[in-house]
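Grab a pencil and let's work through a few exercises together. Have a look at the sequence and the 3D view before you start.

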Amino acid sequence: MDTNQYMGMFLEESREHLQTLNSCVLDLENDPENLSVLSEIFRSAHTIKGMSATMGFTNIAELTHEMENILDLLRKGQLKASHDIIDTIFRCVDTLEQLVESVASNNESSIDSKPLIIKLKALAKGEAVASTSVQAEVSNIAPVASSSIELSDTEIAVIKKARDQGMQAYEVQVSLREGCLLKSARSYMVMNALDEIGEVIKSIPAVEELERENFSLSFQVIVISGSEAEKIQHTVLSISEIDQAVVLPCVLPNDAKGEISVPKSLEPMIKKDDEAEKAGTAVVHTQTAVEKKNKSGQSVRVDIDKLDTLLNLVGELVINKTRLEQIGLTHKLTDLVETIEQMDRVTTDLQAVVMKVRMVPVGQVFNRFPRMVRDLSRDLNKEINLIIQGEETELDRTVIDEIGDPLVHLLRNSIDHGIEHPNEREEKGKNPIGEIRLIARHEGNNVIIMVEDDGKGINADIIKRKAVEKGLISQGEADVMDANEAVRLVFLPGFSTAAVVTDVSGRGVGMDAVKNKIESLGGMVDVETKVNEGSKFKIRLPLTLAIIQALLVKVSEEIYAIPLGSIDSTINIIPSDIKTVQNKEVILLRGQIIPIVRLADVLNIPDSGKQHMEEELFVVIVHIGEQRAGIIVDNLIGQQEIVIKSLGKLLAGIKIIAGATILGNGQVALILDIGSLIQ
Amino acid sequence: MLEKSYASSEVQLVVFRLGKEEYSVSILQVQEIKRITDITRVPHTPDYIKGVINLRGSVLPVIDLKKRLNLPQQVLTEDTRIIIVKVDELSVGMIVDAVSEVMTIDQENIDSPDVVAGSVAASYLSGVGKLDNRLLILLNLEEIIGVGQETKIV
């Protein structure tokens, strides 16, 4: 089978299921008795197993298979979800992640899952005593499942082999509707449908008999498939005039001897009522799971590249519309102008919709944090409760992709430096369990993400002292600095307060990297803190990176765009306003000394031959953080909404250019990266 | 990509002029051929990178092929074209003096580039095609565009 075309889907879905596994196992750790969580874990593991087996990734299938065995024992209550087991399951998930990624990067994987498999087997055997009750349970199901079909030795061998490959044999009992006219045709369609999702190895009556309509209204089929029972059932039921389709796992004669190979996905179907009774609280969880499913049913997975193309095309449409507008105006064609006004509205809407389509909930980034917080807090012997709010807040895909690392930094900082050890917390009269809040919400045209902890906070005096020690500020500066300003010193490059550099953080690269990243995304980061009460890091991000407001400026014959977000003001000066301080050109603006940058020089713009000396000069005052500079340009063209385009791989790495945009006349203009321009 | 077309016995080439010599690239690598348009200069790039153009909404870098191959410069004329090629998922425009034709040439008639030791660095060439009395120099676009190697930013 050519599986390449399914590769993308396989990777995408595997990653999704691994994410589910991660978060569900976390839930399980907190609530080991929760059966619905276990079932959810089960379903995900099983799907991964099935998919990987179909795709021929036996190592993934094998590992998930062993994992399922453990999960099954857990669900049957024969194993307790001990720390050891949870840890092992986490390790499995990690290994699976690596395996999936190695598939994605097309590397022959050198990842060895053997030790884990052995460990899993050992864990399963640890409860071998319980196997009698396993048998009991299996035989409970057996009467339903071990139907009338008798299997020959060859068929048993085929089924066994399929199981080794992570597939399952199912017995499908199909009943046709009464009064069905074309029985043979319907049975043929059933066989065909089953053949598509698996391999039919036997039918009763035999296929020839079915074709001759030599049966009453029902027949049975044994099919080997990597799909789940529900899927098979669904497939059969989608054929018309089918009254009923019962899908049962095919039980081999020696199955009852203790080996559990009942398809896991099927169990929830059989045991649903039972489950709800057992755990009253579980019902709530099941409901949320159901809600989630419904939601995904209404959405379509689209490659981000396709959306980019769509956005490009819409952009192109807008540009052409502008040209038509110009034609209408120059030739005074009122009819055309009116029509274009209509078109204008449509294109504006279209652009808005396309932008909206690119929005992704921040939950996609957030959902990997619970696991990280858990691992870290255990490593550091701290108890931490992570509270996530507003995960449904949407941000542009491009921002989402970039925001993960800074958030990891902030969270690590909070866990490592913020939250104290439990006994220290108790001494301070705090709840021994620390709390970290990760909150996202909309605020105007921005999205705010906050990382809040109730740890020891940041002591402004210590920060000042450290900063002076490291020579980042002078003692004089430190003395006049208020607490808020002092705390912001943590964003300076090379600043770290941790006495000991741990594995987690404290190397002094963290916070300024966070700040740089956020600012490169057009956002801002700020910190508020109170000693012994905790700190709050607040990140403000634009909704999208794709469209920004910019000021277009002209230097010589070239047009450049300066992002409006970093512009303070524009002023006119005369050449004599420019003073030199230590060989650097500066101007004085409202008592502040501002260094100036001549764009023509920095960008090596060929001189147009004009003399600027006597003329008025246009200066754009820009800022990055606290740093200010004046950029001298020849002319200001005006403010405009621009669509940011990348310069591509070949030209990546030019520091002072942040990207390009296409102007109304179809010309390309470059966007300046103010940050690197004024440094 | 070029290798692939070598497998069959015939290769289709887009032939263009640089100065007086005839050069060619595999038609499989050519996306389109455009008249010269506004090129926006990009500062701090190697001199052979002419700038960027707008190709239906995407921004593409354009290479001055003659500068890249160290050939004598010439002014733009009516015949000057930009050939848009795609190498390793990277689309790039190349300025050429004129595009003459598309021709099919038998694999057997392509010699290794060592035969001609000329002004162009050998690594930029992938072969020399002989057709009647003409010599077509096949370009090694991967090398010329420099995919994979860091573009030197001044």
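In chain B, 36% of the 154 residues count as buried (20 or more other C-beta atoms, placed from the backbone, lie within 10 Å of a residue's own). Keep in mind that this is a predicted model, where local features need pLDDT of at least 70, side-chain atom pairs count only at pLDDT 80 or more, and totals for chains, interfaces and linings use all residues. Residues are numbered from 1 along each chain as its sequence is written, while chains are lettered from A and ligands numbered from 1 in the order in which they are written.

**Exercise 1.** Find the strand order of the open sheet in chain B, and its edges.

Step 1: look for pairs (DSSP finds at least two bridges between the strands).
Step 2: strand 8 (98–106) and strand 9 (110–111) each pair on one side only, so they are the edges.
Step 3: zoom in on strands 2 (21–26) and 11 (134–139), which run parallel and share 2 bridges. Here B:Y23 faces B:I137.

**Exercise 2.** Describe the contact between chains A and B.

Step 1: using contacts (C-beta atoms, placed from the backbone, within 7 Å), you find 20 residues from chain B and 24 from chain A.
Step 2: on chain B's side, strands 4 (49–55), 5 (58–64) and 7 (90–96) each give two or more residues.

Notes: Helix = DSSP H or I, 4+ residues; strand = E, 2+ residues; numbered from the N terminus. Contact = placed C-beta atoms within 7 Å. Buried ≥ 20, exposed ≤ 12 C-beta atoms within 10 Å, placed from the backbone.
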